[in-house]
Amino acid sequence: MFNKVLIANRGEIALRILRACKEMGIQTVAAHSTADADAMHVRLADQSVCIGPPSSRDSYLNMHEIVAACEITGADAIHPGYGFLSENAKFAEILEAHGITFIGPSSDHIKVMGDKIMAKQTAQRLGIPVVPGSDGAVTEDSEAKRIAADIGYPVIIKAASGGGGRGMRVVNSAAEMQVALQTTRSEAGAAFGDDAVYIEKYLGKPRHIEVQVMGDGKGKGVHLGERDCSLQRRHQKVLEEANSPALTAEQREKIGMICADAIGDLGYSGAGTIEFLYENGEFYFIEMNTRLQVEHPVTEMITRIDLVNEQLRVASGQDMSFDQKDVRFQGHAIECRINAENARTFVPSPGEITYYHPPGGLGVRVDSGVFTGYKVPPYYDSLIGKLIVVGRNREECLNRLRRSLDEFVVGGIQTTLPLFQDLVRNKDVIAGDYDIHWLENYLEKMG
Ligand code: MV4
């Protein structure tokens with residue numbers, strides 16, 4: 001096992017990683033920007049190194065500064081958390097060359113999954129169901145029209161280097177194809193330095209369901225069930241739950257085992273998420289994320305498996321602490337992302353938290369680095385914490401979530417807590433009856 005881990009991230013996830021390290025007797029180094037000098041994870045870490053000014057480009061994205069911090073402190077591994085350098089193949093490659101362990105998959109696996117065309121081809125080869133569409137990149141209008149006519153309109157053009165909602169365009173008819181193809185290609189070229197695009201059947205009302213997987217890098221792959229992340233706004237997840245209210249235990253087992261076997265065959269190492277669109281009882285692969293995700297706690301709460309602990313084990317060459325047969329899904333968990341934003345306009349609301357009172361009690365978990373007197377900096381994403389609630393079933397979970405939200409007080413700044421107060425009383429949310437467009441439609445209706 002590692003002696004010392006450098007945490008190359010900030011906020012709640014830096015604290016989450018620190019907690020796992022502490023429980024495993026691993027020393028921690030917090031690599032932080034000047035804006036985060038007073039952060040909770042910096043205070044709790046064994047050592048801290050300032051890696052640059054507030055701008056993330058000059059600090060949390062500054063590979064050379066982070067490698068230097070690692071060498072100065074003698075850390076033998078880096079946990080990248082999510083965002084920032086967590087899916088940067090070049091960073092993983094640099095660390096591999098420096099003899100520093102990147103806590104995540106190999107740079108080759110990151111590279112493959114970062115190219116959505118290669119990711120989809122890999123998924124298909126491994127037996128994962130994919131969205132019908134082009135075999136690879138499409139350049140010619142004639143070819144695009146032929147494929148679209150074959151699978152039927154509407155179709156969606158996606159950038160190979162896009163993902164997370166960037167570089168996509170829906171095409172409703174052959175008449176729109178030429179302009180749509182050229183526009184998407186040139187936008188992709190400008191945004192990502194790669195104008196490769198591909199075509200898929202456009203699914204109108206799917207759910208976003210993602211399967212949590214883990215590989216040991218030696219041929220063992222496991223799944224930890226799915227999360228339903230359909231409640232999103234502008235490709236930002238707002239509320240996530242496990243299990244998905246849409247799936248039966250048989251469907252879970254089936255898609256889970258397909259993913260577990262694929263991860264084993266790939267020789268994948270570490271935690272990953274295989275993302276699907278789910279419509280009319282069918283799963284369609286869209287992307288794979290090669291990192292720990294924000295919403296990982298809902299999986300932890302129903303499996304009682306510590307995903308960061310397992311990441312550290314696997315990255316250090318140890319075995320996972322469990323086999324597939326040990327994974328049981330017990331109860332239901334929901335996560336609310338608490339952002340420092342106005343709950344109606346979503347305008348960021350940085351500043352001093354003058355009062356902070358998180359909820360507690362049975363089945364309540366709050367992952368957050370904030371406290372009374374903490375100043376939310378304006379430089380980063382506005383996530384200030386996650387409220388995760390678990391119950392023996394979805395109804396108990398929702399009842400517990402309602403009372404937890406009633407207890408939660410954050411003073412001095414605006415937060416998205418009022419949005420969740422409304423959502424947990426909405427009949428569609430209570431019924432689990434929503435798709436990827438539900439939240440934006442709801443917000444529009446509410447004005
Ligand atoms: C799609 C789709 C419909 N059909 N692909 C958006 C983000 C990226 N991960 C994939 N996305 C979509 N791909 C096909 N073939 C609709 C979306 C989409 C979406 C997906 C997941 C969650 C929220 C979404 C919101 C709008 C569009």
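Good morning. I begin with an interface: between domain 2 and domain 3, about 380 Å² is buried, and carbon and sulfur atoms give 51% of that area. Buried area here is the accessible area, taken with a 1.4 Å probe, that two parts lose on being put together, summed over both. The size of an interface is often given in this way, as the accessible area lost when the parts come together.

A word on provenance. This is a predicted model, in which local features need pLDDT of at least 70 and side-chain atom pairs count only at pLDDT 80 or more, while totals for chains, interfaces and linings use all residues. Residues are numbered from 1 along each chain as its sequence is written, and side-chain values use heavy atoms, with hydrogens and water left out.

The protein chain is assigned domain 1 (4–103), domain 2 (132–201) and domain 3 (207–446), with bounds from an automatic or database domain assignment. The centres of domain 2 and domain 3, taken over C-alpha atoms, are 30 Å apart. Seven residues of domain 2 are in contact (heavy atoms within 4.5 Å) with four residues of domain 3.

The ligand is surrounded by 18 residues (a heavy atom within 4 Å), the closest being Lys-158, Glu-200, Lys-201, Leu-203 and Glu-287. By class, the shell holds eight nonpolar, five polar and five charged residues; Ala, Val, Leu, Ile, Met, Phe, Trp, Tyr, Cys and Pro count as nonpolar, Asp, Glu, Lys and Arg as charged, and the others, Gly among them, as polar.

Next, the polar contacts, meaning pairs of N or O atoms within 3.5 Å. A side-chain N or O atom of Glu-200 lies 2.9 Å from a nitrogen atom of the ligand. Taken alone, the ligand exposes 520 Å², of which the protein buries 92%, by the Shrake-Rupley method with a 1.4 Å probe.

Finally, the backbone. Most residues other than glycine have a negative phi, and most peptide bonds are trans. The bond from Tyr-153 to Pro-154 is cis, with omega near -5 degrees. Another cis peptide bond runs from Ala-242 to Asn-243, with omega near 0 degrees. Arg-234, a residue other than glycine, has a positive phi, near 50 degrees. Thank you.

Conventions
A polar contact is a pair of N or O atoms within 3.5 Å; within protein, one must be able to donate a hydrogen and the other to accept it, and residues adjacent in sequence count only if both atoms are side-chain atoms.
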